[in-house]
Amino acid sequence: MQFSDRLGRFEDEIFAALNEKKLELEAQGRTLYNMSVGTPDFETPLHIRTALAEAAMDPENWKYALRDLPELLDAVCAYYERRFGVSITPDMVCSCYGTQEGMGHVGMALVNEGDTILLPSPCYPVFIAGAKMAGAEPWYYPMTADTEFLPDVSTIPADVAERAKFMVVSLPANPMGSVGNDKVYNELIAFANEHDILLLHDNAYSDIIFDGVKGGSFLQYDGAVDVGAEFFSLSKSFDVTGARMSFLIGRPDVVAAFRKLRSQIDFGMFLPIQKAAIAALEGPTDMVEEQCRQYQARRDALCRGLRSIGWDLPDSKGSMFVWAPLPASYGSNDSMQFCLDLIERAGVITTPGVSFGPLGEGYTRFALVLPPEEIEQAVQSIADSGILK
Ligand SMILES: Cc1ncc(COP(=O)(O)O)c(C=O)c1O
């Protein structure tokens, strides 16, 4: 049978060769430093696990949820007020099974086949997958060294801006580690107003920002709630990646459209997970701050370490990633080959830049998922391998 044309829009797994190499080296008993996937290695706080376990013992909680519990929506609203100083109401919030799922589906609620949408490049891959799912035509705006890895609306031609329906912005950025600032957000909001474009902000890393900068919400800015919405995931702040807890928050008509789409295919978030999300939102946040300090120590170990062995790269400013240009001996299209060589020669596993869209080539991404001591060993292994020469 010939499967759908839609399926044909997606590329085959490009990581097969990397996975094969990893398995081969593991079988040989080689020491590997896996810094490729952004899954936090920190433990989920006890109060969140307890809330889930207790709720799971109540048979009533195993029924279809059918909706977001009012107390969950209230907990999100109270959190936004406390953490970001943003006042929202429950009609401005809809849960989803992680931002991955939300971004994957939201385009289907917002645009028609063939509509233009604006995506960053490089970017987190589900932005591209979501565009394909909706049949939208992505136009990639650069977030490269030339724009200091930030969105610059002046790079978007007027005719593209006129036809674009929505724009995805995600700061702190995966994979680039850049963070937003007032100027960038105010320019984006003015641009969205001028061209009648909806802004979708992905706020996955508001709690992982370095050097004393405090992360925020896009909705803090004047006029933001009139032009858009943001995905707010609990995954990375609270180390609950497997539980799939995220929310679309913002302009009520956008959230209602998203809710209508999701209600066709979903009967609601598992109630024990809703209870665990409430526990996360209402509980202590000291470990979130401590974790940020630990990510910064890892960032320092990696960026300083790599510079000390001759790999010239800037400090990441936020997120759990470091975006490293390929060493000069590699060409600008060699990120996959470089990653294969880096595993083989140094036992260090990173993600090739090519997997983050058209402008990701020429770079590789390190995820800060090992403690500083192991990162130092990984850096030493890279130095010993001679790959930088
Ligand atoms: C920018 C960005 N958005 C979303 C996600 C996924 O979040 P969730 O676990 O809520 O699906 C990630 C995970 O790495 C990410 O880097």
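Q: What's the handedness of the crossing of H5 and H6?
A: Right-handed. Bear in mind that this is a predicted model.

Q: And at what angle do the axes of H5 and H6 cross?
A: At roughly 35°, with the axes coming within 7 Å. H5 covers residues 98-110 and H6 covers residues 126-134.

Q: Which residues make that contact?
A: From H5 there are Gln100, Met103, Gly104, His105, Val106, Gly107 and Met108. H6 brings Val126, Phe127, Ala129, Gly130, Ala131, Met133 and Ala134.

Q: How many charged residues in the contact of H5 with H6?
A: None; the contact has nine nonpolar and five polar residues.

Q: OK, switching to H3 and H11. How do their axes cross?
A: The axes of H3 (residues 46-56) and H11 (residues 271-282) cross at roughly 150° and come within 8 Å. Anything over 145 degrees counts as roughly antiparallel, so H3 is roughly antiparallel to H11.

Q: Is that crossing left-handed or right-handed?
A: H3 passes H11 in a right-handed crossing. Among the contact residues are Ile48 and Leu52 of H3, plus Ile273 and Lys275 of H11. By class, that contact has 11 nonpolar, one polar and one charged.

Key. Residues numbered from 1 in each chain as written. Predicted model: local features only at pLDDT ≥ 70, side-chain atom pairs only at ≥ 80, totals over all residues. Axes fitted to C-alpha atoms, helices over the stretch in contact; angles between N-to-C directions. Helix = DSSP H or I, 4+ residues; strand = E, 2+ residues; numbered from the N terminus. Left-handed = near helix turned anticlockwise from the far one by under 90°. Contact = placed C-beta atoms within 7 Å. Nonpolar A, V, L, I, M, F, W, Y, C, P; charged D, E, K, R; others polar. Parallel < 35°, antiparallel > 145°, perpendicular 65-115°, else oblique.
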